[in-house]
Amino acid sequence: PHVARLYSRYRSSVLLQSGSWYVAVAFLQRGLNFLTIFVFVQLLSPEAYGTNAIFASWLAILGSIITLNVYTAIARARYDFEGQEFREFVSATLSLGIGSSLLFGFVVWLLPAQLIEQIFDLKKIYILLAVLTTSAALSVSSSLSVWQITFQYQRHSIVSVALVLSK
């Protein structure tokens, strides 16, 4: 009775609805990520699986370093800025992150392929692809952050699940 009364009282709460969506999608994402391990093991040769694992590791490292993880400032900025000023802040963070990604990509483009392969243990084309991927991931992460803090949980959930399915 107590739980039912609480549920009926907060059923229309945006916070409860968005929290429920986020929890459900988080479980779905973790489950799908776990299932893809078995698919990759069956489809890829050990060498290809190793290359994919190295690429994924470098992607995570480079994603944090070259985009400066500026999207994480968006959640805090929501409390400091409103309206047009907030949109300008989001635009500035995206510009900074994508600009630093492109600068890193340009440096990689100029360096000899042998040096890149020695440093990263991957072909140069994979590192250039990682730079492009980090720029796209920054845009998506920024959008997800904006949707999360503005309680656009359905849009956030759909894109989050689509990202997992596209991997």
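Is aspartate 80 buried, partly exposed or exposed? In this predicted model, aspartate 80 has a relative accessible area of 44% and is partly exposed; buried means under 20% relative accessible area, exposed over 50%, and partly exposed in between, with a 1.4 Å probe and protein chains only. Residues are numbered from 1 along each chain as its sequence is written, and side-chain values use heavy atoms, with hydrogens and water left out. Local features need pLDDT of at least 70 and side-chain atom pairs count only at pLDDT 80 or more, whereas totals for chains, interfaces and linings use all residues.

Confidence is described by pLDDT, the predictor's confidence in each residue, from 0 to 100. The chain has a mean pLDDT of 88, and 97% of its residues reach 70 or more. Among the elements of the chain, the lowest mean pLDDT, 72, belongs to helix α1 (residues 2–10), and the highest, 95, to helix α6 (residues 113–120). Helices (H or I, at least four residues) and strands (E, at least two) are DSSP runs, numbered from the N terminus. Where pLDDT is low, the predicted coordinates should not be read in detail.

Aspartate 80 forms a salt bridge with arginine 76, at 3.6 Å from N to O. The term denotes a side-chain nitrogen of Lys or Arg within 4 Å of a carboxyl oxygen of Asp or Glu, and by this rule the count comes to one. Both residues belong to helix α4 (residues 73–80), where they are four residues apart and therefore separated by about one helical turn. Arginine 76 is exposed, with a relative accessible area of 53%.

The largest nonpolar core comprises eleven residues, including Phe55, Leu62, Ile116, Phe120 and Leu128. Such a core is a set of buried Ala, Val, Leu, Ile, Met, Phe, Trp, Tyr and Cys residues joined through side-chain atoms within 4.5 Å. At least two residues of this core come from each of α3 (46–66), α6 and α7 (124–149), and α7 gives the most, with four residues. A second, separate core has five residues, among them Ala77, Phe86, Val90 and Val146. In soluble globular proteins, nonpolar side chains tend to be buried together. When residues up to four places away in sequence are not counted, leucine 128 touches Gly105, Val108 and Trp109, contact meaning heavy atoms within 4.5 Å.

The patch covers about 580 Å² and is made by Phe34, Leu35, Ile37, Phe38, Val41 and Tyr49. Patches are made of residues with over 30% relative accessible area and no salt bridge, like charges being joined within 9 Å and nonpolar side chains (Val, Leu, Ile, Met, Phe, Trp, Tyr) within 5 Å; accessible areas come from the Shrake-Rupley method with a 1.4 Å probe, and for residues only the protein chains shown count as cover. Valine 41 lies in helix α2 and is partly exposed at 46% relative accessible area. Glutamine 29, also placed in helix α2, is buried, with 19% relative accessibility. Apart from neighbours within four places in sequence, glutamine 29 is in contact with Ser160 and Val164.

Positive phi values in residues other than glycine occur at leucine 68, near 65°, and at phenylalanine 151, near 60°. Leucine 68 is found in the loop between α3 and α4, and phenylalanine 151 in the loop between α7 and α8 (153–166).
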